[in-house]
Amino acid sequence: MSNGILAKEDLLLHKVNERTIRCKLCPRLTKYIREVGQTKTRKYIDQDYWAKPVPTFGDPKAKLLVIGLAPAANGGNRTGRIFTGDSSGDWLVKALFKTGFANKPTSISKDDGLILKDAYLTLTARCTPPQNKPNPSEISNCSQYLISEIKILEKTTKVILTLGKIAFDGYCNARNVKGLKFGHNKIYPVHNDKTLIASYHPSRRNTNTGTLTWQMWINIFETARSIINNK
Ligand code: SF4
């Protein structure tokens, strides 16, 4: 890294991830991710699953902070990097690439050469929950990591993009923001100089049903890019 401030932020984010990987605060999730890693899905039966809390990643001077829900059972929980090796990651990274936040349009494995520029990806819960539904207590347990990352990235973040209502509520609770309503493409000013954008999550349930179309999705990233460029 080129300067002291950046190196410090990089180190702090790395420390958050180190704490996360060892975390066993949620017994239900700790048990579930281990079981998923042992049973596997047929498509990846020959692979070793990560099967631990999944680290977040991106640019330590991010202007765009993307907050998702939780790692996919056979995506991040398998590959060991969030939004990697699953359809939500495909949608997210393709959109990041098209709007200049990523050096390539795909996210396949931890060592695939993907580099994010001006963007950091994180989650509301870092362990895969059954049915993609973390309990309120699990979200609360995991919020300490999100809060730490928000603080570390505070100086550079211009836009916070939340994917789905759980992530939206997770951010609002973490920053004590009250009275905002979730909806797709809802845009709010927060904390003086920042903008909060709410989006539907790019889950298969939303993308396969047309609840979230590609055009709706890419519009969100074009908006984020435009806000960042104009600040
Ligand atoms: S969801 Fe978060 S708090 Fe719970 S065990 Fe996983 S990393 Fe720890």
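For my tallies, Ala, Val, Leu, Ile, Met, Phe, Trp, Tyr, Cys and Pro count as nonpolar, Asp, Glu, Lys and Arg as charged, and the others, Gly among them, as polar.

**Ground rules.** I'm working on a predicted model, where local features need pLDDT of at least 70, side-chain atom pairs count only at pLDDT 80 or more, and totals for chains, interfaces and linings use all residues. Residues are numbered from 1 along each chain as its sequence is written, and side-chain values use heavy atoms, with hydrogens and water left out.

**Ligand.** I looked up what surrounds the ligand, and found Cys23, Leu25, Cys26, Leu29, Pro53, Arg126, Cys127, Asn141 and Cys142. I took a residue as near if one of its heavy atoms lies within 4 Å. That shell splits into 7 nonpolar, 1 polar and 1 charged. The ligand takes up the space of the largest cavity. Here a cavity is a set of points, on a 1 Å grid over the protein atoms alone, where a 1.4 Å probe fits but cannot get out. A molecule sits in a cavity if more than half of its atoms lie within 2 Å of its grid points.

**Sheet.** Next I traced the strands; helices (H or I, at least four residues) and strands (E, at least two) are DSSP runs, numbered from the N terminus. I got an open sheet of 6 strands with mixed pairing, in the order β1-β3-β2-β4-β6-β5. Its edge strands are β1 and β5 (186-190), each pairing on one side only. Two strands pair if DSSP finds at least two bridges between them.

**Strand β3.** How does β3 sit between its partners? Strand β1 (residues 57-58) runs antiparallel to β3, with 2 bridges, while β2 (residues 64-68) runs parallel to β3, with 5 bridges. Leu121 in β3 stands opposite Phe57 and is also the bridge partner of Val66. Ala119 in β3 stands opposite Leu64.

I then checked burial, where buried means under 20% relative accessible area, exposed over 50%, and partly exposed in between (1.4 Å probe, protein chains only). In β3 (residues 119-123), 5 of its 5 residues are buried. Ala119, Leu121 and Leu123 point one way and Tyr120 and Thr122 the other.

**Thr162.** Is Thr162 buried or exposed? It is buried, at a relative accessible area of 0%, and it lies in strand β4 (residues 159-163). I counted contact as heavy atoms within 4.5 Å. Leaving aside neighbours within four places in sequence, Thr162 is in contact with Ile67, Ala167, Phe168, Tyr171, Leu196, Ile197, Ala198 and Ser199.

**Ile227.** This one is in helix α8 (residues 214-230) and is buried at 17% relative accessible area. With neighbours within four places left out, Ile227 is in contact with Val159, Thr195 and Ile197. I also checked Ile227 against Thr156, 71 residues apart along the chain: their C-alpha atoms are separated by 13 Å.

Most residues other than glycine have a negative phi, so I flagged two exceptions. Phe83 has a positive phi of about 50°; it is in the loop between α3 (76-79) and α4 (87-98) and is buried, at 6% relative accessible area. Asn176 has a positive phi of about 55° and is found in the loop between α6 (165-175) and β5.

Conventions
On a 1 Å grid over the protein atoms alone, a cavity is a set of points where a 1.4 Å probe fits but cannot get out, and a pocket is an open set with protein on both sides within 12 Å along at least five of seven lines; lining residues have an atom within 4 Å of a point.
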